[in-house]
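Work through the exercises below with the sequence and the model open. Try each task before reading its solution.

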Amino acid sequence: MTEVSRRAFIKGTGAIGAAMLPAGEAIEPANAKLPATAMPAATPSICAAAAPSTTYVFFNSEEAAFIEAAVARLIPADEEWPGALEACAPNYIDKQLAGAWGAGERLYRSGPWQPGTPSQGYQLPFTPAELFRTALAAIDKELVQTPFAKMSPADQDSYLKKLEAGGYDLGGVPSDVFFAHLWESTLEGFFSDPVYGGNCNMVSWRMIGFPGAYASYYDLIDKHGIKLDRAPMSLAEDAHGHVHPNPGIPARSP
Amino acid sequence: MAQRLPAVDAVTIGVGLTGALAAFEMVQAGLKVVGLERGAPRETVPNFQSPAIHDELRFSIRKAMMQDNVKVAVTFRNNSDQTALPIRRWESFLPGQGLGGSFVHWNGQSFRAQVADFVLRTHLIRRYGQKFLDACGPELTIQDWGVTYDELEPHYDRFEYLCGVSGKAGNIKGQIQPGGNPLEAPRSREYPNPPMKEPYFGAIFRKGAESLGYHPYPQPSSNLSRPYTNPLGVKLEQCVFCGFCERYACEHYAKASPQTILLPVLLKNPNYELRTSCEVLRINLDSTGKKATGVTYVDGAGREFEQPAEIVFITAFPLNNVRTLLLSGIGKPYDPRTGEGVVGRNYSYQTTAGPTVFMDESININPFMSSGAPGTMIDDFSGDNFDHANLGFIGGQYVGSIMTGARPIEFHPTPPGTPPWGLEWKRAVARHYNHTILIQQHGTSMSSRLNYLDLDPTYKDAWGQPLLRMTFDFPENDIRMSQYIADKVVEIGRAMGGKIVVRGGTKRPYTTTVYQSTHNCGGAVMGDDPKTSAVNRYMQCWDVPNVFSLGGSAFPQNITYNYTITIGALTYWALDAIKTKYLKSPGPLVQA
């Protein structure tokens with residue numbers, strides 16, 4: 001299915017870090033495409049159950065612990081494919097919330113604020129960053145005895161289902177609204193291009209067979225049912241010249 | 001205080017499809033034209049280039065090419081008993097912003113309307129009777145357009161050749177053509193380019209539809225099947241099926257857009273001046289209220305200008321055309337209580353939503369190899385192509401497999417019964433991603449006295465002006481139509497070999513939270529009667545004859561098909577009358 005075997009990914013962080021770098025580049029955090037501290041050299045191995053650590057710029061440590069534990073239940077790892085945690089979805093969510101999206105980019109933000117019907121969509125004054133911070137603080141308070149990250153997987157699933165079902169309040173954020181935001185950002189962190197800090201090593205694309213930013217299928221489109229057997233390509237790879245549109249159909253002014 | 005600029009002959013409010021067409025035709029006629037675009041300037045090179053253009057998060061999810069709704073949103077409610085609230089995030093429809101407008105991020109699905117569409121009310125009463133029509137919904141306000149298909153045919157032809165539409169004619173001057181759509185309206189000649197290659201999902205759909213006796217044909221596409229030079233001498237390239245078309249710009253010069261069919265010539269014309277980042281606040285009227293004197297706009301730095309002009313073309317997204325008329329006090333606003341007034345009246349939408357067909361794991365669909373208009377279609381349920389006498393509804397839908405790429409944040413189908421998240425969900429996504437076919441039902445939306453556009457009493461834009469308020473729900477007629485066809489399409493899904501076929505069909509209430517269509521139309525509709533239309537058959541405002549409101553806002557109700565090609569044809573039709581009649585003798589082209 002892929003050029004980098006699934007087993008290789010699951011087995012060793014260091015091995016993948018090196019394998020993914022273009023030849024000639026030093027294996028230093030500053031040059032790695034993954035987050036700077038995603039794969040500390042001191043970590044000898046990674047398994048499907050342990051995520052690489054991330055330098056969080058938005059989440060505090062309690063928030064990060066919840067997010068890491070939650071995405072690991074939303075899209076769990078199994079023996080075949082990593083899950084959202086291993087795909088660095090928490091890093092993706094952190095960077096989104098720290099940036100323009102978190103601050104309310106592309107969100108109409110004038111009042112008055114009032115609850116609407118489901119068909120009117122999101123009507124809360126919270127930006128995504130405010131929404132996560134508010135809801136996570138309420139969850140932290142509620143779970144003071146046993147924080148989410150310390151629960152058993154079954155209890156974690158039950159708690160997430162409770163959030164999803166809605167009907168209770170997280171500091172002004174309805175729990176189902178928070179859950180929807182959490183799920184959407186986890187999906188994005190799992191499936192979006194690695195340049196945004198998630199989908200590490202394009203694991204989700206390898207899992208489903210999506211070839212990524214690759215640009216031309218003119219010669220393949222009528223070869224019905226073929227199995228496309230090559231590794232995906234990300235936007236980042238193109239910085240090294242790896243994405244080639246069909247040279248017969250160049251991207252130039254005709 | 002607004003700075004008054006030197007007068008010009010014409011100004012366009014918006015530089016997308018209709019704005020570029022209007023400006024081009026007017027400068028050809030020797031007029032000096034200014035194009036005012038609220039968004040940024042952008043060109044294929046360098047703005048639309050790979051790899052950055054193939055970014056699902058930025059373009060599909062964050063909607064980077066769409067109207068900046070931080071500044072200008074639309075408020076919405078399902079009915080007039082509710083309080084409209086802002087659509088705070090675009091989802092259901094996606095108006096474009098920036099040079100080229102929505103005609104940059106469109107898919108290129110390039111249909112003509114049917115003969116009956118333009119005389120819908122007359123046609124239905126003749127075929128089924130007034131009583132039948134009343135039974136379909138007494139609230140329906142469908143009407144004729146004031147222009148016929150035969151009058152528009154030369155303009156359809158001209159616009160298709162401008163775009164380089166790739167397709168196979170099914171009916172040339174009444175002669176049915178093998179390989180094309182036998183149910184299409186007669187065209188005067190073949191498409192400028194042959195159809196695109198058929199993807200696997202289309203081939204499977206074709207086989208299934210044929211086995212049930214339907215008439216599959218290749219979707220006409222403005223993603224080009226081969227290199228092409230249009231009549232203006234502008235060159236386009238061949239589509240490479242990259243799978244990033246809908247919500248994206250084309251990096252390859254392979255999709256018709258203002259940048260690829262018109263602007264290279266227009267922008268060189270010394271009589272044309274493009275001004276970007278310019279937000280038009282209103283059209284100014286003289287003391288009689290019967291003549292526009294120009295427009296007032298604010299530039300990107302916040303400076304206010306008055307641009308005098310002899311002709312004002314409103315060439316924005318349909319919703320924004322209506323808002324511009326309302327903000328300028330042109331035409332009588334529609335009042336749903338009395339049914340009087342015309343601006344905002346007959347807003348309609350599009351019925352979409354088709355089934356999902358889950359195939360065997362041995363069948364690799366490769367849905368990421370695709371263009372914006374790669375479909376294989378049938379028109380057996382389009383418009384009035386089937387007998388409605390015993391069905392209790394009017395209208396119809398085309399049906400086809402049109403998978404416009406399979407970018408995974410948006411596309412990760414799982415069969416019914418799959419948990420919404422967790423390990424089972426992940427395994428189901430991995431199992432079905434490359435083995436699932438989507439079928440599209442896409443069709444009419446009838447206008448109703450209950451659905452309309454007006455100015456919101458509460459919410460404002462960044463310049464302090466009222467937002468547009470949309471009051472809309474699908475008429476029950478449209479739901480009955482969509483549900484009837486949904487049953488038929490499930491049969492096609494089974495004939496395609498689907499292991500599981502999940503039924504589609506539109507339901508009430510209409511929701512703004514799920515993408516459905518960007519074919520918002522009506523609100524400033526065309527017609528023969530100033531009591532039921534805001535513009536005449538040339539899209540000229542009845543009340544202010546030097547203002548033309550061009551585009552989808554003129555549709556009295558929505559047709560089966562994606563509307564871009566019909567907008568192009570209507571615009572050419574109006575501009576032709578302006579060139580040949582209005583410029584010689586400015587004034588009403590039709591006496592009220």
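**Exercise 1.** Find how strand β1 (residues 3-4) of chain B pairs with strand β14 (residues 304-314) of chain B, and over how many bridges.

Solution. Start with the terms. Strands (E, at least two residues) and helices (H or I, at least four) are DSSP runs, numbered from the N terminus. Two strands pair if DSSP finds at least two bridges between them. Here β1(B) and β14(B) are parallel and share two bridges. One contact to locate is Arg4(B), whose bridge partner in β14(B) is Glu306(B).

A note on the model: it is predicted, local features need pLDDT of at least 70, side-chain atom pairs count only at pLDDT 80 or more, and totals for chains, interfaces and linings use all residues. Residues are numbered from 1 along each chain as its sequence is written, while chains are lettered from A and ligands numbered from 1 in the order in which they are written.

**Exercise 2.** Work out which way strands β2, β13 and β23 of chain B run against β14(B).

Solution.
- Step 1. Strand β2 (residues 8-13) of chain B runs parallel to β14(B), through five bridges. Ile13(B) has Ile314(B) as its bridge partner.
- Step 2. Strand β13 (residues 292-298) of chain B is antiparallel to β14(B), again through five bridges. Tyr297(B) stands opposite Phe305(B).
- Step 3. β13(B) and β14(B) form a hairpin, with five residues between them. In the turn, Gly302(B) has a positive phi of about 90°.
- Step 4. Strand β23 (residues 547-549) of chain B pairs with β14(B) in the parallel sense over three bridges. Val547(B) in β23(B) faces Val312(B).

**Exercise 3.** Follow β2(B) to strand β3 of chain B and sort the residues of β3(B) by side.

Solution. Four bridges link β2(B) and β3(B), which run parallel. Thr12(B) has Gly35(B) as its partner in β3(B). From β3(B) (residues 33-36), Val33(B) and Gly35(B) point one way. Val34(B) and Leu36(B) point the other way. All four are buried (20 or more other C-beta atoms within 10 Å of the residue's own; exposed means 12 or fewer, partly exposed in between; C-beta atoms are placed from the backbone).

**Exercise 4.** In what order do the strands of the open four-stranded sheet in chain B lie, and which are at its edges?

Solution. The order is β8-β16-β17-β19 (chain B), with antiparallel pairing. The edge strands are β8 (217-218) and β19 (440-443) of chain B, each pairing on one side only. Inside the sheet, β16 (residues 376-378) and β17 (residues 397-401) of chain B share three bridges. Thr376(B) has Ser401(B) as its partner in β17(B).

**Exercise 5.** Describe helix α3 (residues 61-74) of chain A and its packing against α6(A).

Solution.
- Step 1. α3(A) has 14 residues and reaches 20 Å from first C-alpha to last, close to the 20 Å expected at 1.5 Å a residue (the expected span is 1.5 Å times one less than the number of residues).
- Step 2. Of its 14 residues, 11 are buried. These include Phe66(A), Ile67(A) and Leu74(A).
- Step 3. α3(A) and α6(A) pack at about 90°, with axes 10 Å apart (axes are lines fitted to C-alpha atoms, for helices over the stretch in contact; angles run from 0 to 180 degrees between N-to-C directions). α3(A) is therefore roughly perpendicular to α6(A) (65 to 115 degrees; under 35 is roughly parallel, over 145 roughly antiparallel, the rest oblique).
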